Amino acid sequence: MGVVEVSRSCAVSCLQVVKSVLLFPTIERMAATPQGRVMTPVLCKLRYVAYIPVFLLSLLPHSLKAALVKVALRALQSLDPTIIPATISLFNMDCAANAMYMGSQEMVQVLGRDDSTIRKNLEKLIFYYGATDQWCPVQYYHDIKREYPDGNIRLCGKGYRHAFVLDAGKEVASMVVEWIREDVENS
């Protein structure tokens, strides 16, 4: 999930959040999603097995790691080359172990939506759900839209996917900038 917050500085060195944009928000029932049903056993029970290939990959030279990443992501039509270094960093044992542990904790702990916080801050929130998101099914969009009909809750009509940073980061960033500009100008 991407969260973009726009803040104004306070006189007493605190931040006042003006807007928070939740992109493809995995904020509820993560383990129950299609992707969660696949990843929960992997992250919670089998992650230690995954350490072996990560360790072996970490021993490869940087150029070979980069080539492997490009091969693995070749199906992306417009791969953003700036993601390659970040992806290569996943071949680091500490990074991979921390990411998998964090993922296991999310599967166990991200259960229900935090409706109290949403209700208190609804006017500051923009939700952007994916139409084909395996981490956050479109039903979650319909549920939150029904619960908060006055909220700024949008469903992607442009075909962006949960991992938009791989191939549509610039387009999503431009879209978010427009939303924030409109909101700030109208407030």
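## A buried aspartate in a loop

In this predicted model, D133 sits in the loop that runs between β3 (125-129) and α7 (138-147). D133 is buried and yet forms no salt bridge, since the nearest side chain of opposite charge, that of R161, is 9.7 Å away.

Polar partners of other kinds are found for this residue. The side chains of D133 and H162 are joined by a polar contact of 2.9 Å, and a polar atom of the D133 side chain lies 3.3 Å from the backbone nitrogen of C136. When residues up to four places away in sequence are left aside, D133 touches F24 and H162.

Helix α5 covers residues 93-109, and its 17 residues should span 24 Å at 1.5 Å a residue, which agrees with the 24 Å between its end C-alpha atoms. The buried residues of α5 are A96, A97, M100, G103, S104 and M107. Seen down the axis of α5, these buried residues fall within an arc of 130 degrees, so they line one face of the helix. An α-helix has 3.6 residues a turn, so residues three or four places apart point the same way.

The buried residues of α5 pack against α1 (34-44) and α2 (47-58), whereas D94, N98 and Q109, on the other side of α5, are exposed.

## The start of α5

The N-terminal end of α5 is capped by N92, which has a side-chain oxygen 2.8 Å from the backbone nitrogen of D94.

Terms used
Residues numbered from 1 in each chain as written. Predicted model: local features only at pLDDT ≥ 70, side-chain atom pairs only at ≥ 80, totals over all residues. Heavy atoms only, no water. Helix = DSSP H or I, 4+ residues; strand = E, 2+ residues; numbered from the N terminus. Buried < 20%, exposed > 50% of the residue type's maximum accessible area, 1.4 Å probe, protein only. Lys, Arg positive; Asp, Glu negative; His and termini not counted. Salt bridge = Lys/Arg side-chain N within 4 Å of Asp/Glu carboxyl O. Polar contact = N/O pair within 3.5 Å; in protein donor to acceptor, adjacent residues only side chain to side chain. Contact = heavy atoms within 4.5 Å. Expected span 1.5 Å × (residues − 1). Arc of directions from axis to C-beta.
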